[in-house]
Every structure is written in C-alpha cells, then in structure tokens.
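Let me put the model up and go through a few parts of it.

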Amino acid sequence: MAAPAENMKINGDRLWDSLMEMAQIGPGVAGGNNRQTLTDEDAEGRALFQKWCEDAGLTMGVDQMGNMFARREGTDPDALPVYVGSHLDTQPTGGKYDGVLGVLGGLELVRTLNDFGLKTRHPIVVTNWTNEEGTRFAPAMLASGVFAGMHTQDWAYDRVDAKGKRFGDELERIGWRGEETVGDRKMHAFFELHIEQGPILEAEDKDIGVVTHGQGLWWIQVTLTGKESHTGSTPMPMRRNAGLGMARITELVHEIAMDNQPEAVGAIGHIDVYPNSRNVIPGQTVFTIDFRSPHQDVLDAMKARLEKEAPKIAEDLGLEIAFEEAGHFDPVTFDDDCVAAVRRAAERLGYSHRNLISGAGHDACWINRVAPTAMVMCPCVDGLSHNEAEEISPAWAEAGANVLFHAVVETAGLVEEDD
C-alpha cells in the first residue's frame, strides 16, 4: 500500500460542473440555493447525487434517517470503509457550496480513482447526511447526531417545522426513508471537506485549512414576558417592555463573549417579537443566544454567567424570564492521525496551509465521537456563508478536493500493481 503520487489530482473542471449542476436544483432568489431538508428540492438533489454515484459504479445504501452511503469496494473484504462526505441540504437563503462541496468532492475523488484505474484496500463510502443545517427541523446535524447516538430516532422523527410537519412524516413523503438501522455502520475513518465559513484563510492567503478542533456550542432560547400596551399612552415608568429586556440581554451576550477572548463568540440570531405591531409595546420576546468556544470550561462559564445576570435584567424591568436549552455540543478535538494525513496531503501537493478551529458545527463533530475524524477547509470570499452571496473560486474548490483525495486515499491504502 502507498500514498498517492504528487501528480495524482482530481478533475477540477468536472467538480465545478457538478457543483453548478446541483445548484440548479432549488435555486434561491439571489443566486444561491433554497434546498431545505426533506423538501421536494432535497429529494431532487438526492436523486441526482444517486445517479452520479451509480454512474461511477458505486452502490447506494440509505438508513432510516435518510442518510445516503455510496460505496466503492476495496480489495480487502474485511477492512472497514473510509467514509467521506457532508450534506446537500441548504439554508433558506443558502449558498451553492456549504456542505455540497464536501459531498461532491467525495464523489470526485471516487471518479478520479476510476480515471486512474486505482484500487484501495479499504472501501470508500461517500456520504450525504440528512438535515445538517437544522433550519427547518432543529437541531442542526440531526441525522449524524442520531447516527452517533446523541439523539434517539423517535425523538428526531418527532421534530416539527414551522408549519407543524413532522420530520418522520416528511422523510417518508419524499421517499428517502431507508430500511437500514441508523448507526450500525462501522468506520475506519471519516473525512469532511467544507468551505471555511470564515475570513481567516482568504485574509492570510492560505490554500488549505487543517482543522484540528471544532468549537463547542450552546443554543439557549430565552422567553421574556412583559405586558402589551399602547406605545403612545403608556407612561415610560409603567411599561413592562419585553423588547427593552431583549436589547439589554443582547448587550450582555456581547459583553460575555468579549470578556472571554480569544476564540469565544456570542450573539443573538433568531428573534420573535409579539405582537410585532408598530404601536404596541412588546409583551413577549423569544430569542436564541448562540455561544461558542473550543474550550469546555469557557463555554460552560459563558452559559452560567448569562443564567446568573439575565434574570436581574428581567427583574429590574418587571419581566418574567424563562430559559430553554435549544442545542448543545461539546468542543471537538479531531483525530491526530487523520489530521496528520490532511497536513501531509497539503504538503505533498505544495499547498500553503494553516491549522484552523472550526467556528461552525459540522457532521464531522458528531462522527468524531464514533470514528477517527478530520476536516479539510478551503477559503470562501469574505468569509461569507449562510448567504446566497457565498462564493468560492474553482481553484479553491480544486485544492480542497485534491487534499481530500490524498488524505482519504492514503488512509484507505492505495494498492500498487504488485501488491
């Protein structure tokens, strides 16, 4: 067995063409994509991916969470497969590359092996994880979370979207509920290629991010309850303004994150204001706080400080406050050997690279709990993601996929002619 030679590279034009063809399914209104999980558009994207996999000689398996596993056989029938992949679902106003690059980069590495007539000792499985984004059915990384034992399948099936539709029902409706038991598959290793979703690689003119850690996350939903009243006729001292309470807690969240620099972040994203009328003081606000850090003690301390200080803000304004944990995962340290394979691949190919801590959650963060895992990142323009203006260059995509190819094939064990 051997690692790939320096001149073995993927077909960058073919990868880019595949990205652009997939982007035609579920187009957004401003040049990106709206291919949310378990929609008709998701089903169409899945069908195209399956066709491409079958054209490449892969066999498709689907589990009861709709996770797709396209397998290329290895020479050793007893060797555990090396898995590679990401997700095809997008945000409502998502880009063309978040997740999709990792799935189609995995497919491209298999096509490249076919082009060269190469075999590996371990099988290679290209994976599309269901509902990574979590925007329609919370939480994010739902199906990989079930695979890794973080959630039960029944609990996942009972997640509902904004219209009250159940995850399990919608999975059945689009025809992508498989029969395979979730989590039964065993992995030799897992690799995920992803755009950075941050500005560091572009700012430092680096080709490749070697991801060593992933930030942990707390999503804390806060409900503030005051009293709806007329904005014009209610005296200022007599108001119970839930909007003002949310504003002050927003400042607190920023202060907590700034007090835990470097690397800690915090913000309020999702906000609902009731009754959301121009001339009515908000009687209730519901909003979600997103705290992240690669350090467990910092992450938990930020949450504890919020839960200590926010009730005092509410009390001072005559508001009731309630907390609900809407999402959580611990910080991740990726596998040393897999990370080293990514670094060797970048060096073998002559790409500039640096270590990165992933600021976003990824399926790899859950899979790291059940198999040796690492991530490869490529730059994205201005670090912009979860936005239809998300953009990468063909050269960045090709470099990331080349590093993925070399790391995966080295780990899977390239079989030489005389082996």
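On screen, D40, R136, D161, E170 and R173 are linked in a network of salt bridges. A salt bridge here is a side-chain nitrogen of Lys or Arg within 4 Å of a carboxyl oxygen of Asp or Glu. This is a predicted model, in which local features need pLDDT of at least 70 and side-chain atom pairs count only at pLDDT 80 or more, while totals for chains, interfaces and linings use all residues. Residues are numbered from 1 along each chain as its sequence is written, and side-chain values use heavy atoms, with hydrogens and water left out.

By the salt-bridge rule, the count comes to 26. One of them joins R14 to E108, with the closest N and O atoms 2.8 Å apart. R14 sits in helix α1 (residues 12–23) and E108 in helix α3 (residues 100–116), so the pair ties together parts that are 94 residues apart in sequence. Helices are DSSP runs of H or I with at least four residues, strands are runs of E with at least two, and both are numbered from the N terminus. E108 is buried, at a relative accessible area of 0%, and R14 is partly exposed at 22%. For those words, buried is under 20% relative accessible area, exposed is over 50%, and partly exposed is in between, with a 1.4 Å probe and protein chains only.

D55 and K51 form another salt bridge, 2.9 Å between the closest N and O atoms. These two are four residues apart in helix α2 (residues 40–55), so about one helical turn separates them. D55 is exposed at 56%; K51 is partly exposed at 46%.

Next, strand β5, residues 124–128. Five of its five residues are buried, so the strand is largely enclosed by the rest of the structure. I124, V126 and N128 point one way, V125 and T127 the other. What does β5 pair with in the antiparallel sense? That is strand β2 (residues 68–72), over five bridges, and there M68 stands opposite N128. Strand β3 (residues 82–86) pairs with β5 in the parallel sense, also over five bridges, with V84 as the bridge partner of V126. Pairing requires at least two DSSP bridges between the strands.

Now the domains, whose bounds come from an automatic or database domain assignment. Domain 1 is 12–214 + 331–415, and domain 2 is 216–329. Ten residues from domain 1 and twelve residues from domain 2 make the contact, contact being heavy atoms within 4.5 Å. About 800 Å² is buried between the domains, 71% of it from carbon and sulfur atoms. Buried area is the accessible area (1.4 Å probe) that two parts lose on being put together, summed over both. In domain 1, P331, I357 and W366 lose the most area to domain 2, together 52% of what that side buries. How many salt bridges are there between domain 1 and domain 2? The count is zero.

Last, two residues. A401, in helix α12 (residues 394–412), is buried at 0% relative accessibility. Leaving aside neighbours within four places in sequence, A401 is in contact with I10, L15 and L193. Q64 lies in the loop between β1 (59–62) and β2, and is buried at 16% relative accessibility. A polar atom of the Q64 side chain lies 3.0 Å from the backbone oxygen of E179.

Definitions and conventions: A polar contact is a pair of N or O atoms within 3.5 Å; within protein, one must be able to donate a hydrogen and the other to accept it, and residues adjacent in sequence count only if both atoms are side-chain atoms.
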